[in-house]
Amino acid sequence: RVRGRKRMKTLAYVLLFCFFISATAQPVRVEIYVESKCPDASSWEQLFSPLVNQLGTIMNLTIDFIAKSDPSQPTGFSSLHGQTEVIGDFWELCVMQYYPHNYQWYQFVDLSLIHISEPTRL
């Protein structure tokens, strides 16, 4: 967790540096690859949460999910933490699709990581 905080601080410094270099430049592209039920991703995203509001105008943030195509699974995908994680990934993708403005979707992602639930059915 200490390593995650150091990485977060490093990322914040890089983004702030980019902001001060040129206020007219294109936003910095920040891509995060996670699993919706991963405890490490959860702690990292919670640390990143305050930065989203502060740096949102100078970055283009996207979150993608780590899963692989698996036709034998009901969802068509498999993930390290099972089918409930794949469903969590789907939920977060839907929220990102329908609430893209000003990172409104990030509030859902942040809250869903705090309250990870176990759906009983697919």
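## Close-up views of a predicted model

**View 1. The side chains of R29 and E31 meet in a salt bridge, with 2.5 Å from N to O.** A salt bridge here is a side-chain nitrogen of Lys or Arg within 4 Å of a carboxyl oxygen of Asp or Glu. Side chains of opposite charge can pair when their charged atoms come close. A search of the whole structure finds one such bridge. R29 is exposed because its relative accessible area is 63%, while E31 counts as partly exposed because its relative accessibility is 33%. (Buried means under 20% relative accessible area, exposed over 50%, and partly exposed in between, with a 1.4 Å probe and protein chains only.)

This is a predicted model, in which local features need pLDDT of at least 70, side-chain atom pairs count only at pLDDT 80 or more, and totals for chains, interfaces and linings use all residues. Residues are numbered from 1 along each chain as its sequence is written, and side-chain values use heavy atoms, leaving out hydrogens and water.

**View 2. Four helices and four strands make up the list of elements in the protein.** Follow the chain from the N terminus and the elements run α-β-α-β-β-β-α-α. Helices (H or I, at least four residues) and strands (E, at least two) are DSSP runs, numbered from the N terminus. Of the 122 residues in the protein, 39% are buried.

**View 3. F77, F90 and L93 make a nonpolar surface patch of about 240 Å².** Patches are made of residues with over 30% relative accessible area and no salt bridge; like charges are joined within 9 Å, and nonpolar side chains (Val, Leu, Ile, Met, Phe, Trp, Tyr) within 5 Å. The areas come from the Shrake-Rupley method with a 1.4 Å probe, and for residues only the protein chains shown count as cover. Look for F77 in strand β4, residues 77–78. F77 is partly exposed because its relative accessible area is 34%.

View 4. I66 lies in the loop between β2 (59–65) and β3 (68–69), and W91 lies in helix α3, residues 83–98. I66 counts as partly exposed because its relative accessibility is 42%; W91 is also partly exposed, at 43%.
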